[in-house]
Amino acid sequence: MPMSEQTSLTRPPESEARAFLTAVLAIVWKDLHIEQHTRQTISVMVMFSVVTVVMFNFALEANLDAARNVATGLLWATILLAGTLGLNRSLAIERENQTVDALLMAPIHRNAIYIGKVISITLFTLALEAILVLLFIVFFDKPLWRPVVLLVLVLGTIGYVAAGVIVTSMTIQTRSREVLLPVLLLPLSLPLVLPAATAVAAYMFPQLPDWGEVQSAVYIVIIYDLLMLTAGFLTYHFVVES
Amino acid sequence: MIHIHGLVKQYGMNLVLRGVDLEVAEGEFVTLVGSNGAGKSTLMRIVATLLQPSSGYVQIGGWQLPQYAAKVRRHIGFVSHQSLLYGDLTAAENLDFFARLYRLDNATERVMAALKKVGLFARQRDPVSTFSRGMVQRLTIARATLHEPDVLLLDEPYTGLDQDASLLLDNLLRQEHENGRTILMITHDLTHGLNLCDRTVILNGGKIVHEISSREATAAEFLNLYTYYTRNQREKQHANE
Amino acid sequence: MLPSARLDKSVRIFNWAAAISIFIALLVIFFYAPVEKTMGNVQRIFYFHVGSAWVGAVAFFVALAAGVLYLRQNSRKWDTLALASVEIGLVFLTMATVAGSVWGKPAWNTWWLWSPRLTLITVAWLTYAAYFMLRGAIEDEERRGRFAAVYVIVAFVTIIMAYLSIRILRDIHPVVVGGTMETAQGASEGLQEFSGLDSAKMGITLMASTTAFSVLYVAWLLNRIRLQQLSDAVKDLKIQVTAHLQGEHA
């Protein structure tokens, strides 16, 4: 007795793109609700970042100018390190009661899980960055509110999380788990952070730089985002299936 | 409804399943028993589209796995000893989320009805992490049957349940069986659920060694049969120890 | 499964071919190639540097292709090929870095600079070194192969980015292939001491050294694959013997 693809309960067949989008939104909605209840991911990331920044200030206390000079690099380093915490936490949630099995058994495309996870972790990291930007403006007196700086932060975060979800989905299934993630992910994300930090650094002077000077760096960031999202799209189901 | 043919699963040099054949008719309730390491969970994960067999195949409702896994998923409900629920979400939010994933009509009414069915309506706003083991398991069944699947798969559902919770689970399973769902359950526990099912199958060493209809044998007779058919496995285990 | 007779034979042939071609390349580099105008004899390192860097990039590309094939066909041989190629690619990348560093001391008056290109090469090195950490953390063979394959695919993004970045960002490092405009610009700004190849003889020498290193790569690759097959065969034998002994015991 062959069964039909739809049951009487489901809504009439929609386009595949609609179904994909519904699934992505469901996963993002779920992650935001969990965060709303526990506030664990963002608060851990923020606490870690503040500690890092304070520690760094302490190391450079004798020389505030030096601290100002390395501020953009410090900003990115803090985001990357705090990001590994967010990635680990958000993907560990799916392993706690093996809910990842429930996601894999649901009638949704695998990549909807990937994209959903990338979006929600990107949102968490952006929330962290909003706080960090405020802190850096106060601590180091840097004009981080400039639109291009914010754009580069958003673009950089997308690429980093796109790579991070793939790598974390693997490391979380190994024995070393949390330990392995930074070793794999940080080198992978440096080709992204290098141009992103260059672009941000160009905007740290009172006078605005020529767009021509930073556009190539911004393009490299965009290319990285596209490459990583493509790689993630093509390989994600190999990482979660068995 | 479920048709399993020549199923083999190999991990490296280790053969976990050595050619399993099993037929479950529509509306039938079949229990698979076997000791630890008999390959029960592996078999279940293959039927649940979570694992790919090394050879052989599974058909559910005429669709063959793993090729048509995507078409089958909508028709399966899966209950495992893991809850598959988010501890930080409330009971209602958990069900809401799965209603979205399955794109169900009238999601809200359906979620409320499911909560009433398993007696958790009053606790709908509480996070699942505050629930007792028995309540979690009831909610797990509500989640697995939310989309009215034709096939219900149960992997050790009685693990960690006390007497009362087990009786509640018995009732829920009886209900689902009466609703005409095809049920495949695996367990290593011979004291629960065997009186509910139509047929019991003994799995040993990655193979089905005996099948028995529930009407044919009493509990004591069954225990003898089970001891007889799984003795090799135990002897081997003793030898290894 | 023990290595096939055909593999054994190819290993022998390529071992000899590699030794001979490296010897010829050395002769060409030291006796045929002209002395470069600005750098003098130091410039001869360039042929080692470019040859090994080129082969390193090829090795990572082979690993990428093997990773894709592993995911499609799920066959152990592709995992072995990817593993062998990443290992050898790392060796060539290290050789290129050391040779470059020796060249950098007289050219830039420093062994090392944190210019974008050098930084990105370090990053690529770290990325592929982490490949072995990932493999070491997974016991199940099938899963190890699958995750390693996904990782080499993702890791290749760093190679693409390194290639793109050095062509887009300004750098002190000379660009030999596909960067004429940047080189000219760099040279005119006094950034670069080296402005491409002076003569056809240099081009031929570069070809000879690159070919020799490519043959060496194939030879090492075959040796490494054979080694892996032997080690897998030993592991399988151990499992069989253990199973057999336990069977007797029972």
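**Chain contacts and their surroundings**

Modeller: Directly after helix H1 of chain B, B:Thr49 has a positive phi of about 65 degrees. This is a predicted model, in which local features need pLDDT of at least 70 and side-chain atom pairs count only at pLDDT 80 or more, while totals for chains, interfaces and linings use all residues. Residues are numbered from 1 along each chain as its sequence is written, chains are lettered from A and ligands numbered from 1 in the order in which they are written, and side-chain values use heavy atoms, with hydrogens and water left out.

Helices here are DSSP runs of H or I with at least four residues, numbered from the N terminus. H1(B) covers residues 40–47, and six of its eight residues are buried, so the rest of the structure largely encloses this helix. Buried means under 20% relative accessible area, with a 1.4 Å probe and protein chains only. The buried set consists of B:Lys40, B:Thr42, B:Leu43, B:Met44, B:Ile46 and B:Val47.

Turning to the chain A and chain B interface, 39 residues of chain A and 42 residues of chain B take part in the contact, where contact means heavy atoms within 4.5 Å. The buried area is about 3,900 Å², with 60% from carbon and sulfur atoms; buried area is the accessible area (1.4 Å probe) that two parts lose on being put together, summed over both. Two salt bridges cross this interface, a salt bridge being a side-chain nitrogen of Lys or Arg within 4 Å of a carboxyl oxygen of Asp or Glu. A salt bridge joins A:Arg89 to B:Asp88, at 3.6 Å from N to O.

On the chain A side, H1 (16–38), H4 (71–96) and H5 (99–105) each give at least two residues, and H1(A) has the largest share, eleven residues. By class, that side holds 18 nonpolar, twelve polar and nine charged residues. Nonpolar covers Ala, Val, Leu, Ile, Met, Phe, Trp, Tyr, Cys and Pro, charged covers Asp, Glu, Lys and Arg, and the others, Gly among them, are polar.

From chain B, B:Leu101 touches A:Ala23, A:Ala26, A:Ile27, A:Leu103, A:Ala106, A:Pro107 and A:Ile108, leaving aside residues up to four places away in sequence.

Between chain C and chain A, 30 residues of chain C are in contact with 26 of chain A. The area buried there is about 2,700 Å², of which carbon and sulfur atoms give 81%. On the chain C side, C:Phe147, C:Val154 and C:Met161 lose the most area to chain A, together 20% of what that side buries. The count of salt bridges is one: C:Glu139 pairs with A:Arg175, with the closest N and O atoms 3.3 Å apart.

Terms used: Buried means under 20% relative accessible area, exposed over 50%, partly exposed in between (1.4 Å probe, protein chains only).
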